[in-house]
Amino acid sequence: LTLSIHESVYSRRMVHFFSEIDPLNAALRQMTAQYTSVFVLVDENTQHLCLNLIQPALPSLKIISISSGEQHKSLDTCGQIWSLLTAYEADRKALLINLGGGVITDMGGFAASCYKRGIDFINIPTTLLAMVDAAVGGKTGIDYEGFKNQIGLFREAREILICPVFLQTLGHRQLRSGLAEMIKHYLIADGGAFYQFGQSPIAPDLDAIRRAIDIKSSIVALDPEEKNIRKKLNFGHTVGHALESFRLQTTQPLLHGEAVAYGMAVEALIAQRLSLLESGKAKQVVEKIAAIFDLRPLTPEDMDGIMRFIPHDKKSESGKIRMALIDDIGSCKIDIEVSGGDVKNVISDFNKIMEIYAP
Ligand code: GLY
């Protein structure tokens with residue numbers, strides 16, 4: 001068992017990596033032995049595609065199934081989870097296993113953290129995005145009154161189990177969406193990994209996933225509550241999140257990672273405009289991301305949408321736009337003030353480049 005578990009920098013105890021499902025199950029059996037009852041939170045997708053992979057290890061597992069999708073990351077759904085835990089008479093020594101993507105790990109972590117003032121939870125992320133981002137780092141929460149992650153708290157999972165076997169259940173677009181956060185981690189902290197990336201096929205191997213998680217975990221370990229350097233993890237997200245929010249209101253929504261891919265390309269060009277990043281390096285970033293994510297010029301509606309949503313960014317203070325921007329491939333600076341005019345001009349520059357490079 002110990003031979004098949006590799007611990008990451010962050011966790012030293014918390015994140016465990018498995019290339020096969022059997023050792024994951026052996027570890028899970030051990031990790032759950034001390035609890036009075038064990039619950040698993042799934043949605044209809046992970047109930048159908050993933051639960052059968054872990055259920056044999058935990059014969060008395062109680063299943064809490066909720067509807068999939070961001071619209072169900074709500075207080076109502078938490079109420080359903082708490083009602084079931086109550087009906088099953090779960091006590092403070094109960095355990096919740098969150099088996100799913102970011103919605104499941106965020107909301108399951110939150111529901112577990114509030115139930116009887118906090119029971120333990122284990123995250124088993126089943127999407128690439130959740131493996132390299134949502135499931136790691138202790139951010140839990142739900143959406144409220146139209147705002148993402150409006151209610152929540154920082155609380156670490158007891159354990160996080162990573163196994164690429166779950167990725168076989170994902171479609172191409174979903175997998176690629178997860179790649180964006182991996183590439184972001186490389187861009188802010190490991191230039192070598194960024195340059196290497198892309199020679200491998202779209203489904204990344206365990207080592208590439210582990211490297212991305214190690215970067216995130218090392219940053220989170222230094223700043224768990226995002227008071228300073230954890231903000232580096234927001235590179236690509238000021239523009240990316242604004243574009244994602246705008247597109248959600250249209251008939252052409254983007255997956256989170258797809259929006260972040262646009263965000264990283266545009267923000268690399270903003271860094272160049274502010275003389276933080278050499279133009280040759282900005283070009284390398286934009287070209288590589290455009291090729292992997294098949295980026296296209298942004299429309300005038302996208303540009304207006306981005307400019308409308310950017311002031312709502314969580315990093316904005318007193319009406320000023322602040323971004324985390326790379327100053328090299330593998331290095332990032334936080335709290336850089338950027339004007340709305342700079343963002344607009346750079347989107348026009350981005351479109352000119354896309355007209356040349358996009359196939
Ligand atoms: N997703 C960014 C963070 O966990 O800080």
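Reply: Gladly! Let's begin with a strand. In β5, Ala 94, Leu 96, Asn 98 and Gly 100 point one way, while Leu 95, Ile 97 and Leu 99 point the other way, and all of them are buried. Please keep in mind that this is a predicted model.

Me: Why do the side chains of a strand fall into two sets?

Reply: The general idea is that side chains in a regular strand alternate between the two faces of the sheet. In this structure, β5 covers residues 94-100, and seven of its seven residues are buried.

Me: Which strands pair with β5, and in which sense do they run?

Reply: There is one on the β3 side and one on the β6 side. Strand β3 (residues 37-43) pairs with β5 in the parallel sense over five bridges. To find your place there, look for Phe 39, which stands opposite Leu 96 of β5. Strand β6 (residues 120-125) also runs parallel to β5, and six bridges join the two.

Me: What does an antiparallel pair look like here, for example β10 and β11?

Reply: Strand β10 (residues 321-328) and strand β11 (residues 331-338) run antiparallel and are joined by six bridges. Asp 328 has Ser 331 of β11 as its bridge partner. The two strands form a hairpin with two residues between them, and in this hairpin Gly 330 takes a positive phi near 110 degrees.

Me: Now for helices. At what angle do α4 and α5 pack?

Reply: When reading a helix pair, look at the angle, the distance between the axes and the residues that touch. Helix α4 (residues 75-87) and helix α5 (residues 102-114) pack at about 55 degrees, with 10 Å between their axes. Because of that angle, α4 counts as oblique to α5. The crossing of α4 past α5 is right-handed. On the α4 side, the contact is made by Thr 77, Cys 78, Ile 81 and Trp 82, and on the α5 side by Met 107, Phe 110, Ala 111 and Cys 114.

Me: Let's turn to charged side chains. How many salt bridges are there in the whole structure?

Reply: A search finds 18. Take Glu 244 and Lys 148, whose side chains meet in a salt bridge at 3.8 Å, N to O. Glu 244 belongs to helix α10 (residues 237-248) and Lys 148 to strand β8 (residues 147-154), so this pair ties together parts that are 96 residues apart in sequence. Glu 244 is buried, at 8% relative accessible area, whereas Lys 148 is partly exposed, at 34%.

Me: Is Arg 247 buried or exposed, and which residue does it meet in a salt bridge?

Reply: Arg 247 is buried, with a relative accessible area of 13%. Its side chain meets that of Asp 302 in a salt bridge at 2.8 Å, N to O. Asp 302 lies in helix α13 (residues 300-309) and Arg 247 in helix α10, so the pair ties together parts that are 55 residues apart in sequence. Asp 302 is buried too, with a relative accessible area of 2%. Leaving aside residues up to four places away in sequence, Arg 247 touches Gln 252, Pro 253, Leu 254 and Asp 302.

Me: What does Arg 273 form with Asp 342?

Reply: They form a salt bridge, and their closest N and O atoms are 2.8 Å apart. Arg 273 is in helix α11 (residues 256-273) and Asp 342 in helix α14 (residues 340-357), so the pair ties together parts 69 residues apart in sequence. Arg 273 counts as partly exposed at 40% relative accessibility, while Asp 342 is buried at 15%. Salt bridges can also be linked: Arg 173, Arg 176 and Glu 258 are joined in a network of them.

Methods. Residues are numbered from 1 along each chain as its sequence is written. This is a predicted model: local features need pLDDT of at least 70, side-chain atom pairs count only at pLDDT 80 or more; totals for chains, interfaces and linings use all residues. Side-chain values use heavy atoms; hydrogens and water are left out. Two strands pair if DSSP finds at least two bridges between them. Helices (H or I, at least four residues) and strands (E, at least two) are DSSP runs, numbered from the N terminus. A salt bridge is a side-chain nitrogen of Lys or Arg within 4 Å of a carboxyl oxygen of Asp or Glu. Buried means under 20% relative accessible area, exposed over 50%, partly exposed in between (1.4 Å probe, protein chains only). Axes are lines fitted to C-alpha atoms, for helices over the stretch in contact, and angles run from 0 to 180 degrees between N-to-C directions. Angles under 35 degrees count as roughly parallel, over 145 as roughly antiparallel, 65 to 115 as roughly perpendicular and the rest as oblique. A crossing is left-handed if the near helix is turned anticlockwise from the far one by less than a right angle, and right-handed if clockwise. Contact means heavy atoms within 4.5 Å.
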